[in-house]
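I opened this notebook to keep track of what I looked up in one chain. The entries follow the order in which I went through the elements.

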Amino acid sequence: MIQLVLLGVIIGLLMAHIWRRAPRGVESFVGGRMPAPMSDNPDPMDAAGPAGLHPAPTAGAEDDPRDLPWIASWSPLDAEARRGQNCLVHQQEPGPDGSTIQYVSKSCEDGMAHTRAGDRIVIPDSIPEALRHETIEHERIHIAQRRHPEAWINFYQRNWGFVFHTGPPADMPAEIIESRRGNPDTWDPEMGGPWPCWNGRWWPVPVYKSPRNPKLRNASTVWYDGWRREVREFPPEAWVQFFGTPSQNEHPHELAAVMIVGEDTISEAGRRLWTWWRTNKTYVLRQR
Ligand SMILES: [Zn+2]
């Protein structure tokens with residue numbers, strides 16, 4: 001009987017010992033592992049850092065008054081894609097042809113260089129030093145387009161078959177119009193605006209690929225065929241034969257900037273542009 005009781009006590013003590021060890025083992029395993037992912041993975045800290053240092057500007061209070069028409073042109077998706085971006089100028093210097101180069105945070109326009117009213121070339125900090133010269137050369141062409149848009153519009157119509165319209169054609173699907181990505185270098189109606197039509201039929205439109213989560217860098221050009229009333233993801237064959245495959249195809253102003261900086265004389269469009277550019281660059285680069 002005593003032996004049985006003793007056995008019961010021993011078994012009981014043994015069980016208690018095992019039961020107590022188990023949680024401690026699990027506890028130390030979790031405790032040992034938990035801090036590791038936090039110290040090994042600093043990305044969340046980095047992401048939180050700049051956002052905390054550069055709060056989004058409040059309701060346009062700090063915006064340059066010259067930018068208000070551009071900001072007013074944004075669609076709801078354009079505004080969403082630019083939420084939290086900071087375009088405050090932290091440094092500025094004289095640029096080519098009497099322009100001004102303004103340096104801004106890498107968040108401005110998702111780090112993409114662009115131009116603004118008042119002969120301003122905007123360079124986000126994210127653009128590496130090695131790419132700045134070519135980038136500024138590209139933006140310099142947009143400055144020339146801003147200064148003398150009528151000369152460019154005339155060239156596009158006579159030599160490239162592009163005609164500007166004040167808005168999209170009535171039958172263009174609403175989802176294309178609503179998902180169009182606004183571009184600071186092509187939005188201005190005084191520069192022709194964002195609705196060029198090629199050969200009286202094709203409308204290139206840069207659109208956000210994910211309208212529910214619009215990102216400036218997640219966009220592509222779609223082509224609306226005004227004759228067939230169809231949307232295509234690729235430019236028409238005749239367009240490719242004429243223009244080739246330029247890196248930016250959304251608008252004649254982008255085509256021209258890419259082809260001049262890239263010295264494109266392979267395509268028929270590039271040869272015509274270069275013939276025109278040689279005789280007109282002095283005029284279009286001149287300050288108004
Ligand atoms: Zn451009």
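Which residue in β8 is the bridge partner of Pro206? I found it to be Thr221. Before going further I noted that the model is predicted, that local features need pLDDT of at least 70 and side-chain atom pairs count only at pLDDT 80 or more, while totals for chains, interfaces and linings use all residues. I also noted that residues are numbered from 1 along each chain as its sequence is written.

**Entry: the chain overall**

I looked up the element count and found 11 helices and nine strands, where helices (H or I, at least four residues) and strands (E, at least two) are DSSP runs, numbered from the N terminus. Of the 288 residues of the chain, 25% count as buried; a residue is buried if 20 or more other C-beta atoms lie within 10 Å of its own, exposed if 12 or fewer, and partly exposed in between, with C-beta atoms placed from the backbone. Among contacts with a separation of 6 or more, 56% come from residues 24 or more positions apart, a contact being two residues whose C-beta atoms, placed from the backbone, lie within 7 Å.

**Entry: β7 and β8**

I returned to the strands of the opening question. β7 (residues 202-208) and β8 (residues 219-225) run antiparallel and are joined by seven bridges; two strands pair if DSSP finds at least two bridges between them. Six of the seven residues of β7 are buried, so this strand is largely enclosed by the rest of the structure.

**Entry: the four-stranded sheet**

Next I traced an open sheet of four strands, whose order is β1-β2-β4-β3 and whose pairing is mixed. β1 (89-94) and β3 (114-116) stand at its edges with a single partner strand each, so one side of each has no neighbour in the sheet. Neighbouring strands of this sheet are turned by 30° against each other on average, direction ignored; axes are lines fitted to C-alpha atoms, for helices over the stretch in contact, and angles run from 0 to 180 degrees between N-to-C directions. Five bridges join β1 to β2 (residues 100-104), and the two run antiparallel, with Gln92 opposite Gln102 in β2. α6 packs on the sheet, touching β2, β3 and β4 (120-124), and its direction makes about 150° with that of β4.

Leaving aside neighbours within four places in sequence, Ile136 is in contact with Gly95, Pro96, Ile101 and Ile121.

**Entry: Pro184**

I then checked Pro184, which lies in the loop between α8 (174-178) and β6. Pro184 is buried, with 20 other C-beta atoms within 10 Å. Beyond its neighbours within four places in sequence, Pro184 is in contact with Trp70, Glu109, His114, Thr115 and Arg116. The C-alpha atoms of Pro184 and Trp70 are separated by 6.9 Å, although the two are 114 residues apart along the chain.

Last I took the helix pairs. The axes of α7 (residues 149-160) and α11 (residues 268-285) come within 11 Å and cross at roughly 155°. The two are therefore roughly antiparallel to each other, given that angles under 35 degrees count as roughly parallel, over 145 as roughly antiparallel, 65 to 115 as roughly perpendicular and the rest as oblique. Ala151, Phe155, Asn159 and Trp160 in α7 meet a set in α11 including Ala269, Arg272 and Trp276.

α10 (residues 252-261) has seven of its 10 residues buried, so this helix is largely enclosed by the rest of the structure. The buried residues of α10 pack against several elements, among them α6, α7 and α11. At what angle do α10 and α11 pack? I read about 80°, with the axes 10 Å apart, and the two helices are therefore roughly perpendicular to each other. Here Ala256, Met259 and Ile260 in α10 meet Ala269, Gly270, Leu273 and Trp277 in α11. Following α10, I noted Glu263, whose phi is positive, near 50°.
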